[in-house]
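I opened my notebook and jotted down what I looked up, one entry at a time. Come along and check each entry for yourself.

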Amino acid sequence: MVCAMAINYESISLWVAIASILVSVAAACIAWSSLSQAKQVADRDRRDWRQRKWFDLYFKASSAYDSLDRFQTLHDCTKRETAEFIKDWNDLMSLIRDVHTMAVVFPKCPVIDDLISCTAVFKDCTEALSKDLMQKVLKAMEGIRQRALVDPTVLGG
């Protein structure tokens, strides 16, 4: 009778150990799946964040371009001393500084270098009124726009 009891106790212990192993394997599988999903979410969020930052820079550069276009439309270098000219010049320079503030925190790359180089040349209004400068700013914005494009999968395409 003692022997039968030992066998039953041993067999119960074996079945408990087997069940524990199966539960442990299931828990490990669930944990691995959760980790994999968390990595996918983190990667997607990182891609979205990067795209948003490029879009923010594009939007700011577009505002500066529009302001430069407005400035060129309204002014010429002969009327530099008017209050309106000075206000518009200061507004334009403020927007350019905002663009530079955003751009300099991006990793060094040709797109950012182009944007900074074409907007850092405002020594006087002659440069600001240059049509060539407008084309350079537009070209730099196109490089940023390419980086800011929305992922087509987001649009359900």
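Predicted model: local features only at pLDDT ≥ 70, side-chain atom pairs only at ≥ 80, totals over all residues.

Are W54 and F106 buried or exposed? I looked up both, and W54 and F106 are each buried.

**Entry: the W54 and F106 pair**

I wanted to know how these two rings sit together. A pair of aromatic rings is described by the distance of the centres and the angle of the planes. For W54 and F106 I noted 4.7 Å centre to centre and 55 degrees between the planes, and the pair is tilted. The label follows from the angle, because planes under 30 degrees apart count as stacked, over 60 as edge-to-face and the rest as tilted. Next I looked up where the partners are in the chain. W54 belongs to helix 1 (residues 2–74), while F106 lies in the loop between helix 2 (83–103) and helix 3 (110–119). The two are 52 residues apart, so I wrote down that this pair links distant parts of the chain.

For the whole structure, I noted five aromatic pairs.

**Entry: helix 3**

Which residues of helix 3 are buried? My list reads V111, I112, L115, C118 and T119. Why do they lie on the same side of helix 3? They do so because they cover an arc of only 145 degrees around the axis.

**Entry: the whole protein**

The protein has five helices and zero strands, and its pattern along the sequence is α-α-α-α-α.

Then I checked the overall dimensions. The C-alpha atoms fill a box of roughly 115 × 30 × 25 Å along the principal axes. The radius of gyration is 31 Å, whereas a compact globule of 157 residues would have one near 15 Å.

Buried residues make up 24% of the 157 residues. Among contacts with a separation of 6 or more, 71% come from residues 24 or more positions apart. The protein exposes about 11100 Å², and carbon and sulfur atoms supply 63% of that area.

Technical notes. Residues numbered from 1 in each chain as written. Heavy atoms only, no water. Phe/Tyr/Trp six-rings, centres within 6.5 Å; stacked < 30°, edge-to-face > 60°. Helix = DSSP H or I, 4+ residues; strand = E, 2+ residues; numbered from the N terminus. Buried < 20%, exposed > 50% of the residue type's maximum accessible area, 1.4 Å probe, protein only. Arc of directions from axis to C-beta. Rg over C-alpha atoms; globule rule 2.2 N^0.38 Å. Contact = heavy atoms within 4.5 Å. Areas by Shrake-Rupley, 256 points an atom, 1.4 Å probe, with all protein chains shown as cover.
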